[in-house]
Amino acid sequence: MNLLKFQIVELLDKHRKVTAVAEVLGLKQPTVTYHMKSLEQEYGVKLFEPRMDKVILTEAGRALLHFAGKINCLASEAKRTVQEYGTPGRGTLRVGASYVPATYMLPRLLKEFAARHPKVTVTLAVKPSAVIKEMLLNHEIDLGVLSAEPFRLPMLDVRELCDDELVLAHAPSHYLAASSELTPGLLCTADFVLHGRHSSTRELTDRWLEQHGVQLEQHLELDSLEAIKQMVIQGGHVTFASGLAIQAEVARGQLLARAIPEFRYRRKISCTTNRDRHHSGLLDSMMELLQDWEHIQ
């Protein structure tokens with residue numbers, strides 16, 4: 001089986017035109033068409049369907065696409081890993097992270113990593129935790145750093161680094177500041193700013209509201225954590241937020257961080273790798289930094 005054929009499958013799904021695929025691969029159009037027909041002959045099933053001036057994948061083609069993507073990623077990873085041995089001190093490390101560790105934890109670690117490995121390129125993809133897990137399973141990244149409830153997946157190695165406690169955040173001027181003890185009933189009288197629906201913080205917030213039978217009559221919903229913090233600082237709203245994410249605002253006296261009453265959920269920041277991924281020296285170096293992140297200034 002020619003690896004080029006798997007590249008063609010993936011590129012056809014993306015571009016849907018043989019001419020575009022040929023241009024990306026630096027081939028002539030008849031060559032791409034030949035490989036498409038050859039692939040269908042090898043499997044004995046129709047994989048591609050012409051429609052107008054486009055080519056789409058059949059159901060069988062989409063089934064093959066699932067494996068083609070994994071094979072292409074593994075082939076790319078194999079080439080990149082082996083080439084690192086020919087260029088000591090150089091290479092690329094692909095990291096994926098959810099928003100909280102990407103914003104409030106990784107910048108100082110990446111600075112330290114760059115100082116130790118000045119000729120290494122690091123790419124960082126910031127995505128929801130669920131997407132980071134998929135990227136790891138598909139070999140699209142070398143390392144995932146995510147904030148999520150404790151989890152176990154057969155193909156992933158997970159190392160918990162620290163707690164990412166959710167707290168209630170509100171301004172010192174908010175009326176809740178006058179209450180020394182919070183209850184679910186009191187908290188539910190406040191106006192909330194909610195995180196976007198793909199956020200793990202929003203998932204836990206919704207679960208807590210459901211647990212206490214609360215339906216918010218009025219609330220704001222923002223996708224940006226920084227925008228949420230600025231809204232809460234104004235004094236009219238409250239939110240559930242990562243304690244790590246609001247440390248600076250608490251230290252400046254702009255926000256108060258308080259325990260959420262009757263909150264039964266745990267969230268951890270973890271570094272995660274695919275068990276099939278070759279552990280290069282660069283990957284091990286980054287993981288060592290992550291495990292010692294609290295002591296890195």
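## Helix α6 and its surroundings

The buried residues of α6 pack against β3 (91-97), α5 (99-104), β4 (120-126), β5 (143-148) and α12 (281-291), where contact means heavy atoms within 4.5 Å. This is a predicted model, in which local features need pLDDT of at least 70, side-chain atom pairs count only at pLDDT 80 or more, and totals for chains, interfaces and linings use all residues. Residues are numbered from 1 along each chain as its sequence is written, and side-chain values use heavy atoms, with hydrogens and water left out.

Helix α6 spans residues 106-116, and Leu106, Leu109 and Phe113 are buried there. Seen down the axis of α6, these buried residues fall within an arc of 60 degrees, so they line one face of the helix; the arc is taken from the directions between helix axis and C-beta atoms. Lys111 and Ala115 are exposed on the other side of α6. Buried means under 20% relative accessible area and exposed over 50%, with partly exposed in between (1.4 Å probe, protein chains only). Helices (H or I, at least four residues) and strands (E, at least two) are DSSP runs, numbered from the N terminus.

## A buried lysine

Lys229 sits in helix α10 (residues 225-233) and is buried, with a relative accessible area of 3%. Its polar contacts (N or O atoms within 3.5 Å, one able to donate a hydrogen and the other to accept it; residues adjacent in sequence count only if both atoms are side-chain atoms) include these:

| Partner of the Lys229 side chain | Distance |
|---|---|
| Glu226, side chain | 3.1 Å |

Not counting residues up to four places away in sequence, Lys229 touches Tyr104, Ala245, Ile246 and Glu249.
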